[in-house]
Amino acid sequence: MKVDLPENMVMPAASPEIFQQLGTLTRQLHDTMNMLGVLPGLKSTVDDLPDARSRLNYIATKTADAAEKVLNLVDTAKADQEHIADETRKLAALITADPVKAVASGAVFNFVQDVETVTKRVDGHLTDIMMAQDFHDLTGQVVAKVVRLANDLEAQLVKLLVQAAPPEQAQKVEAALTSHHQTSEPALEGPVVDAQGRTDVVANQSEVDDLLASLGF
Amino acid sequence: MSNPADMKFLIVDDFSTMRRIVRGLLKESGYNNAEEAEDGAVALNMLKNGKFDFVVSDINMPNMNGFELLKAIKADDALKHLPVLMVTAEARKEDIVLAAQTGAAGYIVKPFTKATLEEKVQKIMQKLAATA
């Protein structure tokens, strides 16, 4: 680049010290620019932290809901179970006292009907308990996302550290870490932790059905 | 298939809990014959080496995801007749549309209910019976 100097300006004689100082400044500028190059990546990862927080909240809510649901269902099933046990004891007493009367009064028949109703209900509770375990799949996918974010954050911080470290140390650290950080963001999103305000996702199965129906499926 | 209860299902999901849930629900609906695969690659291998009538598949899985499995099934002359019901947490509309366009027979978003699975399987069975 050509610079026009004022006519009366006198250039000092070039000395090795000046060149060295210029070289040092250029090096510092270069390093700073490199570090600045890292910052956008780091900023983007840090920006994802609120998302990670809402994902962790989702996990906490899902697991708490599942635990409560299972405990409530177990309570209900236990009450049903206890009811059958009580009725069995009563019927046994009736049969022991007067078997003919027990049958004739309809107590045996009522008991059989009662058992049928209650066992069906308990079976439903067991199915619901099984269904409640779906939190494992859903939260597992969310945990994987949060772990990926933590890895990204770590990678960005290490990059920053490496660039700020003395060259000989930086090379060693970089070589050791290269194989560890090969994360790739999958195209798939996993469970929607917060559907509020989003128009690109469905909120429930009926919206899936409506969408498919609109496509002629 | 003369008796739906004889139909053989392949349940594909990387979470064993979900495979057990789907298997349990199918059993409650009278479908006792089911096998499991933990990802699309394993599933495809099982489909090529065995006889199955129905595939219930997750989407987000390692090695080969549900979309890749669906495409592979529909691209294979020996397998393309198989109905594939997607059961997934992927709730983006573009994923649902892509699944339908790729040839999925149905799409269920997790978490789902027993009634939803029963209804979708039933609907697909009826379609199969009508086209048979």
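# Notebook: helix packing and chain contact

**Entry 1. α2 and α3 of chain B.** I started with one helix pair and noted that α2(B) and α3(B) are roughly parallel to each other. I am working from a predicted model. In chain B, helix α2 covers residues 40–49 and helix α3 covers residues 66–75. I looked up their packing angle and found about 25°, with the axes 9 Å apart. I then checked the handedness, and the crossing of α2(B) and α3(B) is right-handed.

Next I listed the residues that make this contact. α2(B) brings G40(B), A43(B), L44(B) and L47(B). α3(B) brings G66(B), E68(B), L69(B), A72(B) and I73(B). Sorted by class, the contact of α2(B) with α3(B) has six nonpolar, two polar and one charged residues.

**Entry 2. α3 and α4 of chain B.** I stayed with α3(B) and turned to its packing against α4(B). Here the angle is about 15° and the axes lie 10 Å apart. α3(B) and α4(B) are therefore roughly parallel to each other. What is the handedness of the crossing where α3(B) passes α4(B)? I found a left-handed crossing for α3(B) and α4(B).

I wrote down the residues again. From α3(B) come F67(B), L70(B), K71(B) and K74(B). From α4(B) come L98(B), A99(B) and T102(B). I sorted the contact of α3(B) with α4(B) by class and got four nonpolar, one polar and two charged residues.

**Entry 3. Chain B as a whole.** I stepped back to the fold. Chain B has five helices and five strands. I read the order from the N terminus as β-α-β-α-β-α-β-α-β-α. The C-alpha trace of chain B spans about 35 × 35 × 25 Å along its principal axes.

Why does the radius of gyration of chain B agree with a compact globule? A compact globule of 132 residues would have a radius near 14 Å, and chain B has 13 Å. I also checked burial: 42% of the 132 residues of chain B count as buried. Then I looked at contacts in chain B between residues at least 6 apart in sequence. Of these, 58% join residues at least 24 apart.

**Entry 4. Two backbone details in chain B.** I looked for a cis peptide bond and found one joining K110(B) and P111(B). Its omega is about -5°. I placed P111(B) in the loop between β5 and α5 of chain B.

I then turned to N63(B). This residue is not a glycine, yet its phi is positive, about 65°. I located N63(B) in the loop between β3 (54–57) and α3 of chain B. Is N63(B) buried, exposed or partly exposed? I counted 14 C-beta neighbours inside 10 Å, so N63(B) counts as partly exposed.

**Entry 5. Where chain B meets chain A.** I moved on to the contact between the chains. The contact takes 25 residues from chain B and 24 residues from chain A. I noted which elements of chain B each supply at least two residues of the side touching chain A: α1 (16–28), α4 (93–102), β5 (106–109) and α5 (114–131). The largest share of that side comes from α1(B), with five residues. I sorted the side of chain B that touches chain A and got 14 nonpolar, five polar and six charged residues.

**Entry 6. α7 of chain A on α4 of chain B.** I picked out one helix pair across the two chains. I looked up the handedness, and α7(A) passes α4(B) in a right-handed crossing.

I listed the partners. V208(A), L211(A) and L212(A) of α7(A) meet K93(B), I96(B) and A100(B) of α4(B). By class, the contact of α7(A) with α4(B) has five nonpolar, no polar and one charged residues.

**Entry 7. A79 of chain A.** I ended with one residue of chain A. I found A79(A) in helix α2 of chain A, which covers residues 49–97. A79(A) has 10 C-beta neighbours inside 10 Å, so this residue counts as exposed. I also took its separation from H136(A). A79(A) and H136(A) are 57 residues apart in sequence, and their C-alpha atoms are 27 Å apart in space.

Terms used:
Residues numbered from 1 in each chain as written. Chains lettered and ligands numbered in written order. Predicted model: local features only at pLDDT ≥ 70, side-chain atom pairs only at ≥ 80, totals over all residues. Contact = placed C-beta atoms within 7 Å. Helix = DSSP H or I, 4+ residues; strand = E, 2+ residues; numbered from the N terminus. Nonpolar A, V, L, I, M, F, W, Y, C, P; charged D, E, K, R; others polar. Rg over C-alpha atoms; globule rule 2.2 N^0.38 Å. Buried ≥ 20, exposed ≤ 12 C-beta atoms within 10 Å, placed from the backbone. Left-handed = near helix turned anticlockwise from the far one by under 90°. Axes fitted to C-alpha atoms, helices over the stretch in contact; angles between N-to-C directions. Parallel < 35°, antiparallel > 145°, perpendicular 65-115°, else oblique.
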